[in-house]
Amino acid sequence: MTLAPTATGDGGGSRRFVPPPRAAVAARRFEHPLFAGLHDFRDLLDGTAWPSIAALDARLAVPGKRLVEQDAALLADGLHYEVRIAQGRIATRADNWHDLFNALAWARHPQLKHVLNVQQCLHIDAMPAGQRNRAQAALTQFDESGVIVRMREGTLLAAWDAHDWPAVFEPARWQNGDIAIATVFGHALMEQALLPGRLLVGKCVVVQGRDDNACIAEVTAAIGGGRVLTDPLQLRPLPLAGIPGWHEGQDATFYANTDYFRPLRAGRQYPPPVHMTL
């Protein structure tokens with residue numbers, strides 16, 4: 001997908017993000033916690049040389065899929081991007097941060113990416129040509145900006161429901177594991193995080209559980225079963241810069257910035273967390 005997330009707020013955005021050139025991204029940037037899941041792929045991120053699409057495909061070996069270079073010859077088949085993936089080919093632009101992070105998301109979470117693709121294709125088949133429904137918008141937002149958040153208990157959820165951000169970001173809660181990031185999934189979030197200091201917002205699915213991998217598997221099953229991501233309003237916004245240690249200058253003035261830590265909109269409600277069934 002090619003839509004970038006909005007930098008702030010809890011609604012979709014259409015502003016086009018221009019990432020920095022590869023040579024301008026310092027290797028230490030990938031030490032930020034947002035990139036923690038990419039540790040095994042640091043060699044593909046560091047340095048000034050882009051991996052070729054063929055080399056990337058061979059390195060990542062996504063089960064049942066091939067990374068193929070997106071060029072005029074590929075696009076001439078006229079297929080929808082998602083339909084082409086269902087047939088086994090992931091169109092990937094050369095020398096492109098967005099598509100590199102997308103490829104890494106496929107390598108890290110192939111089952112999660114697969115169920116998103118299956119659901120997208122089901123909706124593509126059901127909709128008139130050129131039209132999209134709310135489920136497709138939700139699936140796309142999660143694919144681009146998704147974060148899976150793990151909570152041990154549901155008590156902190158009430159604070160999130162009310163956008164009580166000081167309570168949500170209470171450092172002790174994050175230090176003792178009451179709340180944690182199971183995975184940063186959205187590849188557009190990773191692309192935007194290349195620029196230090198950006199105030200990014202994750203679009204979150206919350207799982208009540210204790211193990212990251214189990215929670216990710218539960219979300220995968222829930223998406224595959226059509227139990228979540230049927231509407232964008234099911235996604236909870238999380239201002240990621242508020243997570244303790246994720247941003248400089250996290251003082252009272254920072255958390256009082258209502259342009260970023262937005263108050264709850266009148267009538268806005270969120271779904272309950274996904275509960276473990278696996």
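I started by counting elements: the protein has 13 helices and 7 strands (DSSP runs numbered from the N terminus, helices being H or I with at least four residues and strands E with at least two). Next I checked the radius of gyration, which is 18 Å, close to the 19 Å from the globule rule for 278 residues, so the protein is as compact as a globular protein of that length. That radius is taken over C-alpha atoms, and the rule is 2.2 Å times the number of residues to the power 0.38.

A note on what I'm looking at: this is a predicted model, where local features need pLDDT of at least 70 and side-chain atom pairs pLDDT 80 or more, while totals for chains, interfaces and linings use all residues. Residues are numbered from 1 along each chain as its sequence is written, and side-chain values use heavy atoms, without hydrogens and water.

Then I looked inside. I found that 50% of the 278 residues count as buried (under 20% relative accessible area, 1.4 Å probe, protein chains only).

Which residues touch the most other members of the largest nonpolar core? They are Phe101, Trp160 and Leu238, in a core of 56 residues. Such a core is a set of buried Ala, Val, Leu, Ile, Met, Phe, Trp, Tyr and Cys residues joined through side-chain atoms within 4.5 Å. Helix 5 (residues 97–108) gives the most to this core, with 6 residues.

I followed up Leu238: beyond its neighbours within four places in sequence, its contacts (heavy atoms within 4.5 Å) include Val149, Trp160, Phe169 and Ile243. I also noted a second, separate core of 20 residues, with Val115 and Cys215 among them.
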